[in-house]
Amino acid sequence: MGPAIGPSARWHDLPVSSTRFDIIVVGAGIAGLTSALALERDGASVVVLDRHCAGTEASWAGGGILCPLYAWRYPMPVLRLAAEGMRRYPALLDSLDSPVDPERWVTGMEILDPIGDGETVESIGATLESVGIAHQWRRQAETHALWLPEVANVRNPYLLDALTDTLHARGIALREHCAAEGLLLENGRVAGVATSQGEMQADRVVVTAGAWSESLIPGLPDGSLFPVRGQMLRLEPRPENGLDRILMDEGVYLIPRRDGSVVIGSTVENAGFDKTVDESAQARLHATACRLWPQLTGARITHRWAGLRPGSADELPLLGEHPAIGGLWANTGGYRNGLAMAPAAAELLADRMAGRETRLDATPYRLERLIDG
Ligand SMILES: Cc1cc2nc3c(=O)[nH]c(=O)nc-3n(C[C@H](O)[C@H](O)[C@H](O)COP(=O)(O)OP(=O)(O)OC[C@H]3O[C@@H](n4cnc5c(N)ncnc54)[C@H](O)[C@@H]3O)c2cc1C
């Protein structure tokens, strides 16, 4: 018999073997934290593992824009999940139990080069309308800029802190510095996880390990999930920055934060698991930003960093149960939209795990498209 467990228990002090959970969630980024909260709401006892500290990888590194960039260029299932996620953010943030404010700010987003090859004002408008993303066109001389008035951004590290606080408040266990090293299987079903701290038993396991997920999902062809590096930089808060909206051109975006600082992103690079930043990419981002919003010229760069997005071969997230290993689930592959789609993805996962009908058609995200049953 293990020690009594309650919301106030110090979970990380408990020996691994003394605890058994209904569900082990592997990876404490945005996907893992939101999944854990949704699953706990359904009454499951949940533990979240992370090999480092919670919320220190892609979810920390991202820009926090709650809308896909050039949204109409994504496959519809991605766009539907992201648009549903955008709508759910206010409710998610209201439900959090934390003194930390994620600083959601509805600034709108202006895209200066929206019309690519083969695209028209009408085709873009029709796609956005079909998923309920409000938009307006602004004519500037010979060109069209696209204005998305309802787009918000959040401060990623604050959002992750607030989610982690909420996990603690709900009595959901979080075990940091605990790496999943393999799955425990019994009669073709998952029975737990072998971790760097010993074996942990559970009836179900959810893989939310971001760019590191592939090796934890048996049967995935090589290259199904992979890291895509994104570099970012941040400019000091100054009153003269004066940026009042997210601004985007040539694939570069500028995000105003409430404290007056500006975050600039991002590169899209296949560099393996390498998170270093390089001078030339940083210089290009910075120069484009100063051209787009000249008031930023002279603002000091205070931070530079890179993160690894969980890319997937067909650009769609993996969201569902493994076709050959009962009880093994995944919520990963969010690529460039993992933050925006997180609340909708977590709900879809919880609905499927509970056998409920899902609000969105879950078929496009199923693992069966990549793994034989
Ligand atoms: C530069 C950049 C900008 C971005 N901007 C945006 C944006 O503006 N809007 C948007 O919606 N999305 C954006 N994204 C994408 C978004 O950040 C990601 O899709 C999302 O954060 C992925 O979340 P995740 O939880 O799947 O992965 P992560 O946040 O990477 O979390 C995975 C976790 O799993 C842990 N882990 C890995 N392996 C193991 C293991 N074996 N055992 C235990 N734990 C393990 C890791 O330590 C990590 O904490 C951006 C990403 C980057 C890099």
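Predicted model: local features only at pLDDT ≥ 70, side-chain atom pairs only at ≥ 80, totals over all residues.
Local features need pLDDT of at least 70, side-chain atom pairs count only at pLDDT 80 or more, and totals for chains, interfaces and linings use all residues. Residues are numbered from 1 along each chain as its sequence is written, and side-chain values use heavy atoms, with hydrogens and water left out.

Start with the overall division. The protein splits into domain 1 (16-59 + 159-222 + 314-369) and domain 2 (106-151 + 225-312). These bounds come from an automatic or database domain assignment. The C-alpha centres of the two domains are 30 Å apart. Domain 1 puts 19 residues into the contact and domain 2 puts in 13 residues, where contact means heavy atoms within 4.5 Å. Together the domains bury about 1300 Å², with 60% of it on carbon and sulfur atoms. Buried area is the accessible area (1.4 Å probe) that two parts lose on being put together, summed over both. On the domain 1 side, Ala 211, Tyr 335 and Arg 336 lose the most area to domain 2, together 46% of what that side buries.

Now turn to the ligand.

A backbone N or O atom of Arg 51 sits 3.1 Å from a ligand nitrogen atom. Polar backbone atoms of Asn 337 and Leu 339 lie 3.5 Å and 3.1 Å from an oxygen atom of the ligand. Taken alone, the ligand exposes 1000 Å², and the protein buries 97% of that; these areas use the Shrake-Rupley method with a 1.4 Å probe. Helices (H or I, at least four residues) and strands (E, at least two) are DSSP runs, numbered from the N terminus.

Two backbone features remain. Most residues other than glycine have a negative phi, and most peptide bonds are trans. Tyr 70, not a glycine, has a positive phi of about 45°. Tyr 70 lies in the loop between α2 and α3 (76-95). Gly 265 and Ser 266 are joined by a cis peptide bond, with omega about -10°. Ser 266 belongs to the loop between β15 (262-265) and α6 (279-292).

How values were computed. Polar contact = N/O pair within 3.5 Å; in protein donor to acceptor, adjacent residues only side chain to side chain.
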